[in-house]
Amino acid sequence: MVKKRVKVKWNRIFKPVNDCKKRYRILKGSAGSGKSVNIAQDYIKKLSDEKYKGANLLVVRKVDESNRDSTFAELQGAIYRLFGEDAERVWKINQSPLSLECKTTGNRIIFRGMKDDKQREKVKSISVKQGKLTWIWIEEATELTEADVDILDDRLRGELDNPNLFYQMTFTFNPVSSTHWIKSKYFDTKHEDIFTHHSTYLNNRFIDDAYHRRMMMRKERDPDGYEIYGLGNWGEVGGQIFTNWEVKEISQNPNDYEYTSIGQDFGFNHANAILTLAYKDEDIYVLNELYLYEKDTNEIIEEAEGKFDKKIHMYCDSAEADRIKMWKKVRYRASGVSKEQTTGKKYINVQIDWFKQRRIYIHPSCKNLIKELSQWKWKFDDKTSTYLDEPVPFFDDAIAAMRYGVEPWRKSKKLKSMDISKFGF
Ligand SMILES: Nc1ncnc2c1ncn2[C@@H]1O[C@H](COP(=O)(O)OP(=O)(O)OP(=O)(O)O)[C@@H](O)[C@H]1O
Ligand SMILES: [Mg+2]
């Protein structure tokens, strides 16, 4: 009893993907090619269909906590697009623990991670109420090891009662490294069980002009990154600058930290990024993020309302005095951070060194900072085949906000003896 479709639309390039019944459905593609939206819609459509009664979907990300703001949000969006105002009559949406259940077919979706042994054990002990675990969607699959995927693969076995059902694993990812095991296992080997697919943002008819312009900018400034994130070709993101960070459910309560601050990097064609940051036991915590393109300051202020604590000091780029003034007017404790004179090392390298001496814990809702950090890398010198000590200046707006936000802590020689009220308490 599938109800009327409302606003759901499809990108033609994924038609063979959605028709495919092979065991391994492997989707590599550029950023913004429409992979995640398509897979979410495909699964919601299938799981709502009586034909596939008895099917259950397991959705996996390396870090379980990342599911809520990515795969779960995507699937929930697909439910609303497919069923409009009937959405909640057809699907039961559970926030805690995350799960989705189609009320008409009884088919369910569950979410898991593969971060550590505890999460892996949880995968091994999955049981479903009705039917079988038939489908697995691994989002950002390059984050998983081959052993992780083997554990998942093992979960799909046994006789299926419904002849329409089939076992299938779907991988979606950006092809971050030509030496990745996914390439040799699924792309360099031809096998009747393997279906591979390639898509780019140019195949996505829902991409706006501004996105296209940003990609052209990337092509110019970061040609290696453009190969992967613009063209969806196997490339190399070697030379990653930060590896000392992890995505984690962290407290949103400022009282659980020693200090808090807000960092803002102004932008229009680039993103305007704002982060709430915290400091505790020498480590950095990133609590939330606002990340907007092509908005003027008034619009950004409107979007920020209620998301950021006006008692917490906000550190911004000092070159933009007018914008700082506007934030002050609406009662943010905004001020500019000026570049420090450094001897020997470049200013940004001094900041990078400071970050490298601690860990950075990031709340899973800070999607853009997480994306930026996984792509931010040192420039590569083709002549000498070495990395230079200079970051590729692209897709670094949330990182800039983070750099501004920690300046009071970094510059302070004796953090512990400082006046805490300066930092929002
Ligand atoms: N079928 C669709 N209907 C409406 N909008 C869509 C559709 N497919 C894609 N989009 C739009 O394109 C954007 C990018 O799509 P999506 O997030 O699926 O890309 P992706 O390939 O998963 O990118 P990434 O590799 O960065 O994760 C979406 O946020 C959405 O705005
Ligand atoms: Mg995606």
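Biologist: Which residues are buried in helix H6?
Modeller: In this predicted model, helix H6 spans residues 146-154, and Asp148, Val149 and Leu152 are buried there.

Biologist: Where do they sit around the axis of H6?
Modeller: Asp148, Val149 and Leu152 cover an arc of only 95° around the axis, so they lie on the same side of H6.

Biologist: And which residues does the face turned away from that side carry?
Modeller: That face of H6 carries the exposed residues Glu146, Ala147, Asp150 and Asp154.

Biologist: What do the buried residues of H6 pack against?
Modeller: Their partners are helix H5 (117-124) and the strands E2 (55-61), E6 (132-139) and E7 (168-173).

Biologist: Turning to the ligand, which residues come nearest to ligand 1?
Modeller: There are 16 residues around ligand 1, and Ala31, Lys35, Ser36, Val37 and Phe206 come nearest.

Biologist: Which helix gives the most to that shell?
Modeller: Helix H2, residues 35-47, gives the most, with four residues.

Biologist: What is the shell like by class?
Modeller: Around ligand 1 there are nine polar, five nonpolar and two charged residues.

Biologist: A change of topic: how is the protein chain divided?
Modeller: The chain is divided into domain 1, residues 12-210, and domain 2, residues 245-423. Their C-alpha centres lie 33 Å apart. Domain 1 brings seven residues to the contact, and domain 2 brings eight residues.

Biologist: Where does the largest share of the domain 1 side come from?
Modeller: Helix H3 (residues 68-83) supplies the largest share of the side that touches domain 2, with three residues. By class, that side of domain 1 has three charged, two polar and two nonpolar residues.

Key
Residues numbered from 1 in each chain as written. Chains lettered and ligands numbered in written order. Predicted model: local features only at pLDDT ≥ 70, side-chain atom pairs only at ≥ 80, totals over all residues. Near = placed C-beta within 6 Å. Helix = DSSP H or I, 4+ residues; strand = E, 2+ residues; numbered from the N terminus. Nonpolar A, V, L, I, M, F, W, Y, C, P; charged D, E, K, R; others polar. Domains from an automatic or database assignment. Contact = placed C-beta atoms within 7 Å. Buried ≥ 20, exposed ≤ 12 C-beta atoms within 10 Å, placed from the backbone. Arc of directions from axis to C-beta.
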